[in-house]
2 protein chains.
Amino acid sequence: MTAKATDNTTWDSELSRALRDRGQRVTSQRLLIHRAFRELDHHASAEEVLAAVSPRLPNVSLPTVYATLDLFRELGIARRVSAGRGAILYDPRSEAHHHVVCRRCGKVEDLEARIDLSPAMSAAGRRGYAAENAELVLSGLCSDCR
Amino acid sequence: MTAKATDNTTWDSELSRALRDRGQRVTSQRLLIHRAFRELDHHASAEEVLAAVSPRLPNVSLPTVYATLDLFRELGIARRVSAGRGAILYDPRSEAHHHVVCRRCGKVEDLEARIDLSPAMSAAGRRGYAAENAELVLSGLCSDCR
DNA sequence: CTGGATGCAAACTCTTTGCATGCAT
DNA sequence: ATGCATGCAAAGAGTTTGCATCCAG
């Protein structure tokens with residue numbers, strides 16, 4: 001396992017501080033879901049996060065994972081990504097990046113590309129939207145499915 | 001209604017030709033779903049398309065609408081757009097455009113903005129993907145919800 | 001005729017909600 | 001002590017599948 005104890009304590013205190021700033025409680029579920037999510041360091045479904053947490057803290061429920069990941073989104077720690085099908089992924093908001101999804105097997109990969117989104121942002125502004133987030137998803141067949 | 005009979009016959013023959021080219025059958029459901037979809041001329045859910053078709057051809061079922069819209073996607077007539085939540089929208093592929101979705105009320109609007117997606121396309125190519133489609137979705141609060 | 005397309009219903013997946021219990025504050 | 005957070009279960013939304021019937025080719 002590549003996880004370091006120092007990462008955990010750093011992550012723990014970051015999350016604790018963010019929660020306290022909003023007057024929300026610091027629970028072991030939130031801390032451990034946070035650790036698992038940051039260790040995955042990858043777009044992950046609620047199910048995947050649960051699988052990563054369960055060995056360390058049993059009896060964590062899927063609804064709690066959903067609620068917690070959505071809390072992370074509010075805290076700016078995670079982004080929601082709707083990948084192709086109805087599945088929702090949560091992505092640790094590291095640097096701006098985008099995604100490709102295989103239209104056959106559903107696999108999602110990161111795309112490192114610098115795209116100038118300002119025309120879209122200002123178009124949204126003209127429409128009356130306060131655009132907070134931009135999500136670019138390409139789709140096609142991956143090398144395996146082709 | 002703004003629909004013109006000429007549009008219908010044009011659309012009908014376009015679709016008929018595309019279907020025959022692929023050895024697929026030209027059915028009244030497909031023709032009428034196609035008309036309704038083109039008349040809507042807007043990102044629409046399967047439910048909306050069904051509502052538009054039903055007055056003209058009763059007993060059309062939702063599964064048929066899904067299958068037909070997905071067929072349109074294969075034919076290049078429609079694009080699938082996953083708008084924020086798990087809902088799937090089908091968008092008539094007119095010109096390249098993108099979308100904003102309100103994160104509170106879920107409303108989806110078109111965004112006319114010319115974005116240079118080539119960096120993402122080539123990044124996808126490097127990953128082994130044959131990228132066929134690009135979908136940019138911004139999210140935020142619309143003027144009503146703000 | 002004959003097989004692909006349709007309608008109906010049911011299954012399926014993923015996500016959200018309601019409520020009693022528990023724990024952080 | 002107080003009430004937000006959790007776990008469980010069940011509901012809910014949206015989409016897909018199975019199968020008998022129907023109709024375009």
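Reply: Happy to! Keep in mind that this is a predicted model. Across the interface of chain A and chain B, the rule finds four salt bridges. One of the pairs you can look up is Arg103(A) with Glu132(B), a salt bridge whose closest N and O atoms are 2.5 Å apart.

Which elements of chain A give two or more residues to the side that touches chain B? They are β3 (98-102), β4 (108-111), α5 (118-126) and β5 (130-141). Of these, β5(A) provides the largest share, with twelve residues. Sorted by class, that side of chain A holds 21 nonpolar, eight polar and eleven charged residues.

Now follow β5(A) across to the other chain. Strand β5 of chain B, residues 130-141, is joined to β5(A) by eleven bridges, and the two strands run antiparallel. As an example to find on screen, Ser139(A) has Asn133(B) in β5(B) as its bridge partner.

Finally, step back to the whole interface. Here 40 residues of chain A are in contact with 41 residues of chain B. About 3,400 Å² is buried between the two chains, and carbon and sulfur atoms give 54% of that area. On the chain A side, Arg127(A), Tyr129(A) and Leu138(A) supply 19% of the area that chain A buries against chain B, more than any other three residues.

How values were computed. Residues numbered from 1 in each chain as written. Chains lettered and ligands numbered in written order. Predicted model: local features only at pLDDT ≥ 70, side-chain atom pairs only at ≥ 80, totals over all residues. Heavy atoms only, no water. Contact = heavy atoms within 4.5 Å. Buried area = accessible area lost by both parts, 1.4 Å probe. Salt bridge = Lys/Arg side-chain N within 4 Å of Asp/Glu carboxyl O. Helix = DSSP H or I, 4+ residues; strand = E, 2+ residues; numbered from the N terminus. Nonpolar A, V, L, I, M, F, W, Y, C, P; charged D, E, K, R; others polar. Pairing = 2+ DSSP bridges.
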